[in-house]
Amino acid sequence: MTLARYAALVLGAAVVSLSVAWPALSAETRPAALAGALLAALNSVCAYFLALWSAGRSTTAFFTAVLGGMVARMFVLLAAVLAGVLLAGLPRVPFTVSLLAYFVTFLVLELTVLSRRPARAPTP
C-alpha cells in the first residue's frame, strides 16, 4: 500500500469515527478529541513512511529509521500533549483518551498493513 493510500485510510477512519462520536461529545471535549485523533493519525503516517523508506535498505538504516523515528515521534508527541494541555488548555482526560484510543487503533492498522506487504528479495 502506498503512503498516500495509507494516509487516506487513516484520515478516513479518523473522520468517520469522529463523525459518529461527535454528537455524543460535549462542546468542551470536541477540540480535545479532534486534537488527539489528528496527533495519532500524524504519528501513524510518519511511522508508516519510515517503515516504507527503510524497507530494502541495510539493517543499520532500518533500525536507525524505525527505532530512531520511534524515539523522535515519542518526544514530538510528548511535546504536543504538553502544549495541548498546558498552552491550549485542552481537557486532559478526553485528550488523553482520544490520543491513546486512536494511537492503538492506528498501530494495529499499521502492523496489519505492513505484515501483508510482500517480502522483497534482497538487493545484491
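This is a predicted model: local features need pLDDT of at least 70, side-chain atom pairs count only at pLDDT 80 or more; totals for chains, interfaces and linings use all residues.
Colleague: How do you know that the length of helix α3 fits its number of residues?

Modeller: Helix α3 covers residues 59-87, which is 29 residues. At 1.5 Å a residue they should span 42 Å. The end C-alpha atoms are 40 Å apart, so the two values agree.

Colleague: Which residues of α3 are buried?

Modeller: They are Ala-61, Ala-65, Gly-69, Arg-73, Leu-77, Gly-84 and Val-85. Each is called buried because its relative accessible area is under 20%.

Colleague: What do the buried residues of α3 pack against?

Modeller: They pack against α2 (30-54) and α4 (92-115). Just after α3, Gly-89 takes a positive phi of about 70°.

Colleague: Why does Arg-73 have no salt bridge?

Modeller: The nearest side chain of opposite charge, Glu-110, is 5.7 Å away.

Colleague: What makes the pair of Arg-73 and Asn-43 a polar contact?

Modeller: Their side chains come to 2.8 Å. The cut-off is 3.5 Å, so the distance passes. Leaving aside neighbours within four places in sequence, Arg-73 is also in contact with residues including Cys-46, Ala-47 and Leu-50.

Colleague: Why is Thr-112 called partly exposed?

Modeller: Thr-112 is found in helix α4. Its relative accessible area is 32%. That lies between 20% and 50%, so Thr-112 counts as partly exposed.

Colleague: Where does the backbone oxygen of Val-108 lie relative to the side chain of Thr-112?

Modeller: It lies 2.7 Å from a polar atom of that side chain.

Conventions
Residues are numbered from 1 along each chain as its sequence is written. Side-chain values use heavy atoms; hydrogens and water are left out. Helices (H or I, at least four residues) and strands (E, at least two) are DSSP runs, numbered from the N terminus. The expected span of a helix is 1.5 Å times one less than its number of residues. Buried means under 20% relative accessible area, exposed over 50%, partly exposed in between (1.4 Å probe, protein chains only). Contact means heavy atoms within 4.5 Å. A polar contact is a pair of N or O atoms within 3.5 Å; within protein, one must be able to donate a hydrogen and the other to accept it, and residues adjacent in sequence count only if both atoms are side-chain atoms. Lys and Arg count as positive and Asp and Glu as negative; His and the chain ends are not counted. A salt bridge is a side-chain nitrogen of Lys or Arg within 4 Å of a carboxyl oxygen of Asp or Glu.
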